[in-house]
Each structure stands twice: as C-alpha cells, then as structure tokens.
Amino acid sequence: MRARDFRSNAWACLTGKWGVMILTVLIFELIMGACSGLSLLGVGSIALLLITGPLTLGLSQQFLCLVRGQRVEVAKMFDGFKNFANAFLLSIINSILIALWSLLLVIPGIIKAYSYSMSYYILADNPAMSANTARVQSMELMNGNKWRLFCLDCSFIGWYILCALTFGILTLWVRPYHEAARAVFYQEIVRERNVMSSGVSGGTGSADNVNTDDVFSGSTGGSVFGSGYEPDVPSANEEAPSKTDNGDTQPPLNADDL
C-alpha cells in the first residue's frame, strides 16, 4: 500500500462518522490549546505535561476503533486516562529522547519522532505493556517504514495549505482524515510484519485483514494486541510475496507515493 491507498481507506472508514471524529479532534485540540495558553502561569505547563500522554493514547484508541469498524464515541478519547501511568511515562520518554536527538541537529530528532510514532497505537493494543517496551517495539515496527510514513504525511501538505487559506476551518476535516490515514498505516505495517514472519501473503487489500497474532511475540512473551480485536486471518494457500533482486518484499518508493 502507498500513500494514496492509506488515504483512500481512511476516507472510506470516515464515511458516516465524520461528525464524531471531528468533535473528538476538536475537543482534543481545545484542551491542549487551553493548557498551552495557560503555560505562562505555570499551571498550564504542569497540566499539559500530565494530560498529553493520556489524551494522545485516547485519540489513538479512537482512531484504531474507527479503522477497525468498531463503535466510536467522543467519550472514548478519555479512555487513555485508564492507563495513565504508562501513557504519561511514554509521553515523557518520547519527548526527552526526541529532544536529545534534536540537539545533534534537527534531522535526527525528526527521524526518532518517526521511529516512536507507532508507540501509542502499540500501547493502545496492549495496555499491560510498559511505556519503554512500546517505544522499543515502535522502533522495530518502523524499521524500513519511516520513509513511507513521511511520504504519507507529505501527501497532506496540499490539504494543510488549504487549511491556511480557510483560516484553519478546514483543519476540522483534514486532521481527522490525517489521523485516520495514520491509523490505517499502522494496521498495514502490522499486517506486513505478520506476513513476513509467517511466510504467508495477505495481499495489499484492506487494512482490516490483519492477523495480529505473534507480531511482537518474543520480548514480551505474547502479542501486543488486546483481545478486543479479532481480525481476519489470511488463508494459508495464498501465494508468498515475490521478492525483488535485493531481497525486499516491496517495490521501491517513487513519486507515485506522494
């Protein structure tokens, strides 16, 4: 799957659910903005430190439910507070490490931000996992996929330019669209990892057809994904993915990815 495929799947998932997701993102931005605005008083900075992780985790859970065809409710965005400790620690660890890498120049910090970008999704799928383990497994999952996610993000540049021309009003639609595309991206790279580990091709179809069993087994003794999600399992008689000359199972990215 490429950038246009992730966007197409995300748009399909949002059909009929735009209102809920727009309201979810709006509440998220209002809370974060209010805390940022009060940061000069000190109280806002402390509040921002405390709520960033849980709210981001809740937002990730909400969009995972969306792309998996599960029920979405605005109140679910606060479910991240049920796993407050891990969400808070994940936010602190990610922020500190990205800041330290950024001291070497901006580029290393950006690369690490992409490496850790799936950590909240992983934590959402396995609440019992420690914050640092979620970060490490995000690095594993994003190995070889950072450029693909970068291409996906870049494909939204035109949309965000339109947001600026509409004084930010269009952001109410673009932000949920972007978040949904990222959730679809997570689903797809998990599927690809599972296909590579099992030696069975799952094709390049919908992100719903994901077998999440044993994707991250080993370091934690089991799958990082919770029991609430039971995806379709690719059939064993499907053909294995063909390899290119350099051993990769995917074609190199080109301008079409944007």
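Me: Where does Asn-83 sit?
Reply: Asn-83 is in the loop between α3 and α4. Bear in mind that this is a predicted model.

Me: Is Asn-83 buried or exposed?
Reply: Buried, because its relative accessibility is 15% and the cut-off for buried is under 20%.

Me: OK, what does Asn-83 touch, leaving out residues up to four places away in sequence?
Reply: Leu-57, Leu-123 and Pro-127.

Me: And how far apart are the C-alpha atoms of Asn-83 and Leu-123?
Reply: They are separated by 9.2 Å, with the two residues 40 apart along the chain.

Me: What's the lining like by class?
Reply: Ten residues are nonpolar, eight are polar and three are charged.

Me: Now helix packing. At what angle do the axes of α5 and α8 cross?
Reply: Roughly 95°, and the axes come within 10 Å; α8 covers residues 146–154. Angles of 65 to 115 degrees count as roughly perpendicular, so that is how α5 and α8 stand to each other.

Me: Which residues meet there?
Reply: From α5, Ile-111, Tyr-114 and Ser-115; from α8, Lys-146, Leu-149, Phe-150 and Asp-153. By class, this contact has four nonpolar, one polar and two charged residues.

Me: Last topic, backbone angles. What is phi for Leu-105?
Reply: Positive, about 145°, although Leu-105 is not a glycine. Leu-105 belongs to the loop between α4 and α5.

Me: Buried or exposed, that Leu-105?
Reply: Exposed, because Leu-105 has 62% relative accessibility and the cut-off is over 50%.

Me: And what about phi of Phe-167?
Reply: Phe-167 has a positive phi too, near 60°, and is likewise a residue other than glycine. Phe-167 is found in the loop between α9 (157–165) and α10. With a relative accessible area of 80%, Phe-167 is exposed.

Note on methods: Residues are numbered from 1 along each chain as its sequence is written. This is a predicted model: local features need pLDDT of at least 70, side-chain atom pairs count only at pLDDT 80 or more; totals for chains, interfaces and linings use all residues. Side-chain values use heavy atoms; hydrogens and water are left out. Ala, Val, Leu, Ile, Met, Phe, Trp, Tyr, Cys and Pro count as nonpolar, Asp, Glu, Lys and Arg as charged, and the others, Gly among them, as polar. Helices (H or I, at least four residues) and strands (E, at least two) are DSSP runs, numbered from the N terminus. Buried means under 20% relative accessible area, exposed over 50%, partly exposed in between (1.4 Å probe, protein chains only). Axes are lines fitted to C-alpha atoms, for helices over the stretch in contact, and angles run from 0 to 180 degrees between N-to-C directions. Angles under 35 degrees count as roughly parallel, over 145 as roughly antiparallel, 65 to 115 as roughly perpendicular and the rest as oblique. Contact means heavy atoms within 4.5 Å.
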